[in-house]
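Me: Hi! Could you walk me through this protein, starting with how its helices pack?
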Amino acid sequence: MSTAIRKQTHADFCQRLSRVESRICRPGASVATRDTTIARPFGATLTGFGWIYLVVAVSTNRELIASSLKQGSLATEYHDWIFNGLAAMIVASFIVLALHVFRYFMKSGGKRTNSGGVLVGAIAALVLFYTPSGVWSTGFGMLDGHSRNALATAGAAIEGTFPGLGVHDLAFVSSGGN
């Protein structure tokens with residue numbers, strides 16, 4: 001018994017291919033698909049904020065990092081490795097930030113939304129980091145009595161929850177104590 005072998009046509013090829021990937025051989029269908037990236041703007045904003053705030057804090061506090069390393073038990077010859085690693089992190093962060101700018105303008109859908117969230121978070125971190133303390137105190141002075149009382153009540157609640165913790169005594173590491 002012999003089997004006849006015949007030349008395959010395009011219809012035969014599409015029939016075999018549709019078992020694996022059915023969308024390719026549909027009439028009028030294109031191979032390019034729609035962007036299915038899930039948009040998470042809030043998470044991307046928080047990620048961008050934390051990421052850029054960390055990068056700016058590390059890049060502006062070299063002396064503080066150096067004095068902290070000198071106080072530690074790490075050998076002196078490894079301090080250059082740490083500073084080189086931090087410099088590489090800063091450069092890589094700026095490259096990735098530039099890629100997010102490119103992706104925001106060139107992509108659509110979830111990719112654009114997520115990159116936009118990262119960029120908004122980065123801008124918010126830069127604004128928060130570089131705003132002078134006089135602007136914050138002036139803004140607090142412009143609040144009405146109800147808003148001041150609400151902030152004072154929130155501060156008292158924090159002090160009541162954590163006794164011995166004075167909110168006015170807190171200083172961010174990156175602020176240099178200002």
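Me: Let's begin with helix α2 and helix α5. At what angle do their axes cross, and how far apart do they come?
Reply: In this predicted model, the axes of α2 (residues 41–60) and α5 (residues 110–130) cross at roughly 40 degrees and come within 6 Å.
Me: What do you call that arrangement: parallel, perpendicular or oblique?
Reply: Oblique. Angles under 35 degrees count as roughly parallel and 65 to 115 as roughly perpendicular, so α2 and α5 are oblique to each other.
Me: Is the crossing of α2 and α5 left-handed or right-handed? And which classes of residue make up the contact?
Reply: The crossing of α2 and α5 is right-handed. The contact of α2 with α5 has 17 nonpolar and seven polar residues, with no charged ones.
Me: Nice. What about α2 and α4, how do their axes sit?
Reply: The axes of α2 and α4 cross at roughly 140 degrees and come within 10 Å. Here α2 passes α4 in a left-handed crossing.
Me: Which residues make the contact there?
Reply: From α2 you have Trp51, Ile52, Val55, Val58 and Ser59. The α4 side supplies Leu86, Met89, Ile90, Ser93, Val96, Leu97 and His100. By class, the contact of α2 with α4 divides into nine nonpolar, three polar and no charged residues.
Me: OK, and α3 with α4? What are the angle and the distance?
Reply: Helix α3 (residues 62–71) packs with helix α4 (residues 79–106) at an angle of about 150 degrees, and their axes are 11 Å apart.
Me: Why does that pair count as roughly antiparallel?
Reply: The cut-off is an angle over 145 degrees, so α3 and α4 are roughly antiparallel to each other. Their crossing is right-handed.
Me: Who's touching whom in α3 and α4?
Reply: On α3, the contact is made by Arg62, Ile65, Ala66, Leu69 and Lys70. On α4, His79, Ile82, Phe83 and Leu86 take part. The contact of α3 with α4 has six nonpolar residues, one polar and two charged.
Me: Let me zoom out. How many helices and strands are there in the protein?
Reply: The protein has seven helices and zero strands, so its pattern along the sequence reads α-α-α-α-α-α-α.
Me: How much of the chain is buried?
Reply: Of the 178 residues, 19% count as buried. As for contacts with a separation of 6 or more, 57% are between residues 24 or more positions apart.
Me: Where is the confidence lowest, and where is it highest?
Reply: Confidence is lowest in α7 (residues 145–161), with a mean pLDDT of 80, and highest in α4, at 95. The protein averages a pLDDT of 83, and 86% of the residues score at least 70.
Me: Which residues is Gln8 in contact with, leaving aside its neighbours within four places in sequence?
Reply: With those neighbours left out, Gln8 is in contact with Phe13 and Arg16.
Me: Thanks, that helps!

Technical notes:
Residues are numbered from 1 along each chain as its sequence is written. This is a predicted model: local features need pLDDT of at least 70, side-chain atom pairs count only at pLDDT 80 or more; totals for chains, interfaces and linings use all residues. Side-chain values use heavy atoms; hydrogens and water are left out. Axes are lines fitted to C-alpha atoms, for helices over the stretch in contact, and angles run from 0 to 180 degrees between N-to-C directions. Helices (H or I, at least four residues) and strands (E, at least two) are DSSP runs, numbered from the N terminus. A crossing is left-handed if the near helix is turned anticlockwise from the far one by less than a right angle, and right-handed if clockwise. Contact means heavy atoms within 4.5 Å. Ala, Val, Leu, Ile, Met, Phe, Trp, Tyr, Cys and Pro count as nonpolar, Asp, Glu, Lys and Arg as charged, and the others, Gly among them, as polar. pLDDT is the predictor's confidence in each residue, from 0 to 100. Buried means under 20% relative accessible area, exposed over 50%, partly exposed in between (1.4 Å probe, protein chains only).
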